[in-house]
Amino acid sequence: MSEELDLLVAGSGIAGLTAAVRAASHGLRVGVVTKGTIAQTATGWAQGGVAAVLGNISDDTEAQHETDTLKAGVGLCDEDAVHVLVHEGPIRVRELIALGAHFDRDPDGTLQLAREGGHSHARVVHAGGAATGAEIERALVAATGRTAAAVHEHVFARDLLVSGGRCRGLVLRDANGERVVRARHVLLATGGAGQLFSLTTNPLEATGDGVAMALRAGVAVADVEFMQFHPTALAVDRMPRPLLSEALRGDGALLRNAQGDRFVNELEPRDIVSRAITAQMIESGLDHVFLDVRPIHDFALRFPSLAGILAGVGLDPTRDLLPVAPAAHYLSGGVVTDLDGATEMAGLWAAGEVSCSGVHGANRLASNSLLDGLVFGARVVDAIVAGKDAAEPTGAMRSLTGRGGWSSVQVSSNGGLDIDKADLDRAAMQRALTEHAGVLRSDDSLLEAEEAVARVHVSPDDDELRNLVSVAEALVQAAIAREESRGAHARVDFPDRDDDDFRLRIVVRG
Ligand SMILES: Cc1cc2nc3c(=O)[nH]c(=O)nc-3n(C[C@H](O)[C@H](O)[C@H](O)COP(=O)(O)OP(=O)(O)OC[C@H]3O[C@@H](n4cnc5c(N)ncnc54)[C@H](O)[C@@H]3O)c2cc1C
């Protein structure tokens, strides 16, 4: 990577590799840096699948997928962004199949479709039962290998290289030290930030690096109060917590409390199910409720990867009730972009979980996030190829311009650590966020979280902890500012939606 690249991608999940493969096919000089091995991603861990309305194989329509997505986002989705996601999703899924991804099919070759929480129809394509992400990552890694895109593993993107108000590359660090790589365009595809919390389904790499880099460079970040908690992470003494896919509830699995009674419609969106479970946990004093998968026939055949996980912890799905509890799962907000993934800094783009294009609003609909990476990873490249160089007032970017009825408030993620009292480590901060900024929050609890974050000791060479602290500050400040309950953000001191501030997007700048 000695000469200037056309596109430098940080991250090798679905968003980064989709962009890299597409950019290479257009003849762009593209490089990918990733901090672990190429396949070490949240993408590889995805279970349930990809939501897309794939033509004549059911009575589903794109309009219904849009309606379901908007409903889950509780008024904060950008309608144009959702339209783009839902409309271009099927095209991108077919391209993924053409690239070599194998999804589960009936014996006659028809794609199998699962139904998940919040979806009005069965429209989720999957692979290996609940091993969809592994198959997609495998196919994308193989496709990348067939292109001229250069992939550099174990390279950590530390910061944006900014001059004259434009992003001109990345500051990187690897075993040989620090260096700078220049590029005409930089794509942040660094994924989520589940590692902010002590209970999470996310891999160790999910430390919010891209969001933190953007904050340090003064680039707007929004909707970060909306950390989605997956309702059914297996409550065993292991971190990250193994996920028991939404698809199980779609297939008839039931939630039961300590008395064995059902307490919620299992097909409600995740925020509602997570809150109902948390309320049960508070009432019973237990740290879990139970998922009853006994109604699912042929469990081991249909969900072999989950059967393996359960066997590993000594649970038998045909007999045992499975202990589950909510765990941090998906950051619905991120770096603000327009409908092409352009951020407010020229030369800087974002796609996938790191971004906030407006598709998820206050809560991501199940299986819309792989789709997000596919659709917007591709749009970034198409926009670059078309010569686009500056963001437009579309998608979440509209909230920065105040156009179209959107508005924003600004809170500053001050990044100033309280050095005098810096006595907390990463694990202590994660526990504090789970306890005080988790499924249920209040002004008092968030102030406790704020204090804990200010007390974290960050050593100069711990880039990930530095990033976690920045994103934690942003999340807590945004959660304090949003004095209502909406989507994934539930305030016990403001239990209702405040529809007067209906379109208020909280923008954080570092
Ligand atoms: C257990 C689990 C199950 C899920 N199931 C589903 C599902 O069924 N359907 C669905 O739609 N979504 C699902 N999701 C969510 C989905 O997997 C993610 O949102 C999506 O894969 C994110 O893709 P991405 O390309 O944005 O990021 P990722 O796949 O997370 O990739 C991020 C990449 O960036 C790299 N990186 C990060 N920081 C740096 C840095 N500083 N320098 C260099 N590289 C860096 C990482 O190493 C990684 O390669 C699931 C998530 C989990 C954890």
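This is a predicted model: local features need pLDDT of at least 70, side-chain atom pairs count only at pLDDT 80 or more; totals for chains, interfaces and linings use all residues.
Student: What makes α5 roughly perpendicular to α14?

Tutor: Helix α5 (residues 209-216) and helix α14 (residues 463-481) pack at an angle of about 75°, with their axes 8 Å apart. Angles of 65 to 115 degrees count as roughly perpendicular, and therefore α5 is described as roughly perpendicular to α14.

Student: Which residues make that contact, and how many of them are nonpolar, polar and charged?

Tutor: On the α5 side the contact is made by D209, V211, A212, L215 and R216, and on the α14 side by N467, S470, V471 and A474. By class, the contact of α5 with α14 has 5 nonpolar, 2 polar and 2 charged residues.

Student: Why is α5 called mostly covered?

Tutor: A residue is buried if 20 or more other C-beta atoms lie within 10 Å of its own, and in α5 this holds for 7 of its 8 residues, namely D209, G210, V211, A212, M213, A214 and L215. Just after α5, G218 takes a positive phi of about 80°.

Student: How do you know that α1 is mostly covered, and what covers its buried residues?

Tutor: By the cut-off of 20 or more other C-beta atoms within 10 Å, 11 of the 12 residues of α1 are buried, and they are I14, A15, G16, L17, T18, A19, A20, V21, R22, A23 and A24. What covers them includes the strands β1 (5-10), β2 (30-33) and β9 (177-188), together with the helices α4 (132-145) and α10 (369-385).

Student: What makes the reach of α1 close to the expected one?

Tutor: Helix α1 (residues 14-25) has 12 residues, and from its first C-alpha to its last it reaches 16 Å, which is set against the 16 Å expected at 1.5 Å a residue. Just after α1, G27 takes a positive phi of about 85°.

Student: Why are β3 and β4 said to stand at the edges?

Tutor: The 3 strands form an open sheet in the order β3-β5-β4, with antiparallel pairing. Both β3 (50-51) and β4 (113-114) have a single partner strand, so one side of each is left without a neighbour in the sheet.

How values were computed:
Residues are numbered from 1 along each chain as its sequence is written. Two strands pair if DSSP finds at least two bridges between them. Helices (H or I, at least four residues) and strands (E, at least two) are DSSP runs, numbered from the N terminus. Axes are lines fitted to C-alpha atoms, for helices over the stretch in contact, and angles run from 0 to 180 degrees between N-to-C directions. Angles under 35 degrees count as roughly parallel, over 145 as roughly antiparallel, 65 to 115 as roughly perpendicular and the rest as oblique. Two residues are in contact if their C-beta atoms, placed from the backbone, lie within 7 Å. Ala, Val, Leu, Ile, Met, Phe, Trp, Tyr, Cys and Pro count as nonpolar, Asp, Glu, Lys and Arg as charged, and the others, Gly among them, as polar. The expected span of a helix is 1.5 Å times one less than its number of residues.
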